Amino acid sequence: MPAPHRPGSRRATATFFIGSEEDEHTGPGDSGMRTDAELPEDNDEGDSPPERQIVVGICSMMKKSRSKPMTQILERLCKFEYITVVIFPEEVILNESVEQWPFCDCLISFHSKGFPLDKAVSYAKLRNPLLINDLNMQYFIQDRREVYRILREEGIDLPRYAVLNRDPDRPEECSLVEGEDHVEVNGEVFQKPFVEKPVCAEDHNVYIYYPTSAGGGSQRLFRKIGSRSSVYSPESSVRKTGSYIYEEFMPTDGTDVKVYTVSPDYAHAEARKSPALDGKVERDSEGKEVRYPVMLTAMEKLVARKVCLAFKQTVCGFDLLRANGHSFVCDVNGFSFVKNSMKYYDDCAKILGNIVMRELAPQFHIPWSIPTEAEDIPIVPTTSGTMMELRCVIAVIRHGDRTPKQKMKMEVRNPMFFDLFEKYGGYKTGKLKLKKPKQLQELLDIARQLLAELGQHNDCEIEEKKSKLEQLRTVLEMYGHFSGINRKVQLTYLPHGQPKTSSEEEDCRKEDPSLLLVLKWGGELTPAGRVQAEELGRAFRCMYPGGQGDYAGFPGCGLLRLHSTYRHDLKIYASDEGRVQMTAAAFAKGLLALEGELTPILVQMVKSANMNGLLDSDSDPLTGCQRRVKARLHEIMQQDKDFSEDDFNWLAPTSSPSLVNSMKVVGNPVKTCDKVYALIQSLTSQIRRRLEDPKSADLQLYHSETLELMLQRWSKLERDFRTKSGRYEISKIPDIYDCVKYDVQHNSSLGLEDMQELFCLSRALADIIIPQEYGIHKDEKLDIAYAYCLPLVKKIQLDLQRTHEDESVNKLHPLYSRGVMSPGRHVRTRLYFTSESHVHSLLSIFRYGGLLDEEKDQQWKRAMDYLSAVSELNYMTQIVIMLYEDNNKDPFSEERFHVELHFSPGVKGCEDEENVPMGSGFRPASAEKKTDPGSLEDLSRDEPDRAMLLSEPAAVRRRSPLIRNRKAGSVEVLSDASSKASSFRFFPSCSQHPPEIKQSGLGFEGCSMVPSIYPLETLHNSLSLKQMDEFLTAVCESGGDSHTKASKALSTTLDSQSQPAADAYIP
């Protein structure tokens, strides 16, 4: 049964009226626009409008009123039941008197080239409509001097400037002294580079003058013509006719920020390449200028509010320059719309419609009240059934699907390596990471030189193994260019050379200092990984209040509105690994409904957190505890016998079901390794046969890999896994599993034999090795976890503490928050993207650090049983902490703040359907109680069609916001318990792909089938903030003690190898 119309609801179809009876046009396209001659005379028909409509008039030049953004917004505005839109025809505006103009109750009118602003002002005086944008202020916007005067009076930061008025009546404002590298305007000196702007805002011929030290000349900006927005000129002298503003040039790193307001409480911001950079307009495949959404700081949001109010322009665009840690307004454009953003069109129409109804509905006696939307105040039902305000979301997330990581280690002693180590400050800490193109090029030059010398003199004194040098050269020469995203080199100083593992090697061991060179490559985020991250970002929106509505339709999405109305304090951090950073960017794209490529999103929105060890650790030396754990693992896995009861007690003291099951599958570790080795040999021989087959010559594997590269990958594992003595290198097991998992997932079309058996055996071995590398006993797990993620734990504690402190940076200033619904409300979101080591370590801290007692807390016991059954923390694993505030409780009461802890093991594995550990579902207790109509549980139970089906391509959703195909996605019920509680989670069983991925006969080009991600499971949903804070404090204190001891030991070692002593070792 369809829902009845409520006051203020929208019509299903858009209706435009062209405002002159003589006008025969039907508007842009065939979108249903009609002339007002077609207005119905009586309203008895069921489909006719109500008796009294509020008429919104659009008075502007036709190019503007028929533009795509205007059409998109008006179509949405017409869906308000009581609003009718009338577009004033251009010939009427230009040729008719204002008395003949169409009647309207609300006027949206703005100046552009050729528009008679005087007539519009006269019309407004005659009819007195509600003005969305003030008309008189538009005179000021046409004069840059007035714009700057108003901005200065409002206390808004501007670049330092002076006005040169070439006006005979005002000679005191016409003093110009020009020097070679400066100008003096009315006594104010501007050194080059400086900017020269015509005072008329319609004149876009802005010049930037450069100093002679940079080559002199000037860059001449103009309104975009084709693909150019400026040209360089050798002319260095300023213009001698006309009036200008001279201002300081602001160094902005080549980007400008365009801000678009819709009311003082909403702003959308985009960055674009500065036209001053090279004058080349960056355009996408559709020919549109490349822009990307950015987040405004709290101060910038306040500036947006001030600009909107000062110029009395509800819809207003202005330009920001971000330079030297400050933001400066350099231009105010007046009425401007964002191009090509469905989210903006939705929001703009909704806000304008609400403004019109709020102001005019009472005087026309139209029954209407301001809709209190779920997203306006971030309040949700908690598991206890009470309504609380969501205040903070913290998530630690592992990166997405990647290509296999590859690594080569070699000990080097040549002086050239030591020179490089010294050049980049390696002796300061005893280790060095090389990622920059210049650094990698220097390393490649060394490898080439040494190989050339080896080629000429086979008996020369070059100790580096030729095969290792060749591999170093080959990897560094890959791709034809350098990028830190796909290769890096670590150098570690060894004062007495590398310790040898066998007695034979001991005999030839040298005590001289050496460098351990570790080359890493591969590990790039795959197209599947990008899809996973973007879809998870989209799914994350559902955790926010109002986030379950149709994103493209009028209900809006709570997170997106929170974000645009200044009440979402979002920061995204990522380690410096390329795959982690690109995962963060893809997630941000899905979370915030961004459009376009990942690189601009990464640059603007993802903070690198490698400065303080927050999310990086791969360059740190192993702790003593880790070395001991790895040695014990190596020892027990070299036994040529079935695991005994003692072995189970020794290797699985926590009795983890997943670990015990894997040990049972393995049985005899050496025999299992024998099988794995034989299967790898079989695999490499199959690949070699394929290479010899002419039909396979041009075979392209997933992500542009070739059969040759695949063979190199497996041949290296074959060589490295089994040593000459016949023992197995246990540390290679994770790499074998990594490779086979990748090929089973992405290259199964090759039909290689025994791949599935290799996958099962290597997974069983990896399920023993990988989790136990982070500690076997609880105290070891904690010791290693502290070493990895103590800075992250401290940061999480700060995030939770700061949320309930009065932070002005996250709230609107009280002077400017009148009229904003809940101006002080905000949600803090902190997202930390990292690698497997940090996720394992943080989970160990929550499991073994003493947060709760399993014996006394049944919910925690169930959670621990569930975690023990999880065998792998796969790609996109998430640990999520959510903080709520109950405003009805005493501010100092322990019941004021409520914390929930959630977890997902990430992407589903290839064979995971059968042995899935059962969790309790997401926030299960709330589903058993009566829920709020806006909650996720209620939505999924009653109206599955309204839920955002995550597998549906974004383009489809945007094109048809009102149509939903139930088959486009699936609702998973993970357990009987959760189905009884109606705790549905919306995730696709197998994701579809973005529309740009072409479908071919063998699946998708560029993207194999993308496994879906396990939904979040609630570990605990009734923690107090005090409990969590005390727990994190105890962890930091315990971890700090052990970390301090380790740091002291490390610094003592490095002190003994300080610069003078190290210099003495250099050959």
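This is a predicted model: local features need pLDDT of at least 70, side-chain atom pairs count only at pLDDT 80 or more; totals for chains, interfaces and linings use all residues.
Residues are numbered from 1 along each chain as its sequence is written, and side-chain values use heavy atoms, with hydrogens and water left out.

Student: Which residue in β13 does Tyr209 stand opposite?
Tutor: Strands β12 (residues 207–209) and β13 (residues 218–225) run antiparallel and are joined by three bridges. Across this pairing, the residue opposite Tyr209 is Ser218.

Student: Which residue in the turn of the hairpin formed by β9 and β10 has a positive phi?
Tutor: Strand β9 (residues 182–185) is joined to β10 (residues 188–191) by four antiparallel bridges, with Val185 opposite Glu188 and Glu184 partnered by Val189. The hairpin leaves two residues between the strands, and the one with a phi of about 50° is Asn186.

Student: What is the average twist in the open sheet of three strands?
Tutor: This sheet has the order β8-β9-β10 and antiparallel pairing. Its edge strands, β8 (176–178) and β10, each pair on one side only. From one strand to the next, the twist averages 15°.

Student: How many of the residues of β3 are buried?
Tutor: Buried means under 20% relative accessible area, exposed means over 50%, and partly exposed lies in between, for a 1.4 Å probe and protein chains only. In a regular strand the side chains alternate between the two faces of the sheet. Ile54, Val56 and Ile58 point one way from β3, whereas Val55, Gly57 and Cys59 point the other way, and all are buried. For strand β3 (residues 54–59), the count is therefore six of six.

Student: Which residue in β5 stands opposite Cys59?
Tutor: β3 is joined by five parallel bridges to β4 (residues 83–87), where Gly57 stands opposite Val86. β3 also pairs in the parallel sense with β5 (residues 106–109), over four bridges. In this second pairing, the residue opposite Cys59 is Ser109.

Student: How are α20 and α24 oriented to each other?
Tutor: Helix α20 (residues 657–666) and helix α24 (residues 755–772) pack at about 135°, with their axes 8 Å apart. Angles under 35 degrees count as roughly parallel, over 145 as roughly antiparallel, 65 to 115 as roughly perpendicular and the rest as oblique. The pair α20 and α24 is therefore oblique.

Student: What geometry does the aromatic pair of Phe643 and Phe648 have?
Tutor: Rings of Phe, Tyr and Trp (its six-membered ring) pair if their centres lie within 6.5 Å, and planes under 30 degrees apart count as stacked, over 60 as edge-to-face and the rest as tilted. By this rule the count comes to 27 aromatic pairs. Phe643 is buried at 9% relative accessible area, and Phe648 is partly exposed at 21%. With 6.3 Å centre to centre and 75° between the planes, Phe643 and Phe648 are edge-to-face.

Student: Over the ring of which residue does the charged end of Lys741 sit?
Tutor: A charge sits over a ring if NZ of Lys or CZ of Arg is within 6 Å of the ring centre and within 35 degrees of the ring normal. Arg149 lies over the face of Phe140, at 5.7 Å from the ring centre. For Lys741, at 4.5 Å from the ring centre, the residue is Tyr875.

Note on methods
Two strands pair if DSSP finds at least two bridges between them. Axes are lines fitted to C-alpha atoms, for helices over the stretch in contact, and angles run from 0 to 180 degrees between N-to-C directions.
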